[in-house]
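Welcome! Please keep the picture at hand as you read.

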Amino acid sequence: MSKFFVKKVLNNNVLIASGEDRVEVVLIGRGIGFGRRQGDEIVRESVEKLFVLTDRNEQEQYKKLLPNIDDETLRVIIAAVELIRDRVGQTLNEHIHVGLTDHLLFAVNRMIRGIGIRNPFLLETKALYPFEYEVAEAVTKLINQRLTVALPPGEVGFIALHIHSAITNKAVRDLSRYSELMATLIQLIEVQLDVKLDKESIDYMRLVRHIRYTIERVVRGEKVDEPEKIASLLKTEYPICYNLSWKLIKVMQQTLKKPVYDAEAVYLTMHLQRIQTKMK
């Protein structure tokens, strides 16, 4: 695609255009929108960044965000999305342009005004999405350096959810709900087993990931086979962990509003028993 035609100027540095294939794109470049009118031709060489917003609703939301963003902040946020795309190495859901821009704008403005927001599910998010968390740390570092702000560690967790959302096409609000559910389940485990889990340990990571995949199976309605002999053995040998696994399943069912298959109790019991044995 060697040239574009202006459809709408959003500000001096951002405009909506269509390519020779008539696909609408967002073009970013220093002064690219200055003095431009609808139908004007833009050559590819003058474009610094380009991304596609095929969804009309996404385009409208993005247009509404732009008047509230100064040029440098916009450049840094776009650079952050580019960093994510490079690190992930796959096509991202286009909503990240709107969702992450909106979130980072809000976060940066809060920091400038000295208002911080705590992330109560940070450790759960880190354990659930370790790769996304690592990328989010790089994004936070980029923003802090380029905009001379100091986003708190909690922001890494929020950004990680946006990254996971863009990779998996899942809504950020659902992912937040899963992190909150995870925190509730972990707290229940600690109370029932009378232990304090080491949130940095391998066993904790394994437990969280197992619960994550359980939640994902429940959401998809995916059934796992039940090893009946093992179920009977676990119920007899490890009644505390077996009963606890059913309490966890009840909480999942209430939160997700979906049935959880009996076999999940078997696998949860094995993870819980491993933790209880090590903690003793």
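## The sheet at the start

In general, strands of a sheet pair through backbone hydrogen bonds, either parallel or antiparallel. Please also keep in mind that what you see is a predicted model.

With that in hand, you can trace an open sheet of five strands, in the order 4-1-2-3-5 and with antiparallel pairing. Strand 4 and strand 5 (49–51) are found at the edges; each has a single partner strand, so one side of each has no neighbour in the sheet. On average, and with direction ignored, neighbouring strands of this sheet are turned by 40° against each other.

## Strand 1 and its two partners

Let us follow strand 1. Which residues does strand 1 cover, and how many bridges does it share with strand 4? Strand 1 spans residues 3–11, and three bridges link it to strand 4 (residues 41–43) in the antiparallel sense. Within this pairing, Phe4 faces Ile42 of strand 4 from the opposite position.

Strand 1 also runs antiparallel to strand 2 (residues 14–19), and six bridges join the two. Here Val6 is placed opposite Ala17 in strand 2, and Asn11 is placed opposite Val14 in strand 2. Together, strand 1 and strand 2 make a hairpin, with two residues between them.

## A helix across the sheet

Helix 1 (residues 56–65) comes next on our walk. Which strands does helix 1 lie across? Helix 1 lies across strand 1, strand 2, strand 3 (24–28) and strand 5, and it runs at about 25° to strand 3.

## The annotated region

The UniProt record, an unreviewed entry, lists residues 68–173 and 174–280 for "domain: PRD". Over residues 68–173 the chain is 75% helix and 0% strand. The end C-alpha atoms of that stretch are 23 Å apart.

## Helix 2 with helix 5

A word on how to read what follows: two packed helices are described by the angle between their axes and the distance between the axes. Helix 2 (residues 71–88) and helix 5 (residues 130–147) pack at about 155°, and their axes are 10 Å apart. Angles over 145 degrees count as roughly antiparallel, and helix 2 and helix 5 are therefore roughly antiparallel to each other. Their crossing is right-handed.

Residues of helix 2 in this contact include Val76, Ala79, Ala80 and Leu83, while those of helix 5 include Val135, Ala138, Val139 and Leu142. The residues of the contact of helix 2 with helix 5 divide into 13 nonpolar, one polar and five charged.

## Helix 6 and its neighbours

Helix 6 (residues 153–168) packs with helix 3 (residues 95–112) at an angle of about 170°, with 10 Å between the axes. The two are therefore roughly antiparallel to each other. Among the residues that meet are Ile96, Leu100, His103 and Leu104 in helix 3, and Phe158, Ile159 and His162 in helix 6. By kind, the residues of the contact of helix 3 with helix 6 are seven nonpolar, three polar and two charged.

How do the axes of helix 6 and helix 7 (residues 172–193) cross, and within what distance do they come? The axes come within 9 Å and cross at roughly 125°, and helix 6 and helix 7 are therefore oblique to each other. This crossing is right-handed. Leu161, His162, His164 and Ser165 in helix 6 meet Val172, Leu175, Ser176 and Ser179 in helix 7. The residues of this contact divide into three nonpolar, five polar and no charged.

Terms used: Residues numbered from 1 in each chain as written. Predicted model: local features only at pLDDT ≥ 70, side-chain atom pairs only at ≥ 80, totals over all residues. Heavy atoms only, no water. Pairing = 2+ DSSP bridges. Helix = DSSP H or I, 4+ residues; strand = E, 2+ residues; numbered from the N terminus. UniProt positions renumbered as here; feature names shortened; annotations may be inferred. Axes fitted to C-alpha atoms, helices over the stretch in contact; angles between N-to-C directions. Parallel < 35°, antiparallel > 145°, perpendicular 65-115°, else oblique. Left-handed = near helix turned anticlockwise from the far one by under 90°. Contact = heavy atoms within 4.5 Å. Nonpolar A, V, L, I, M, F, W, Y, C, P; charged D, E, K, R; others polar.
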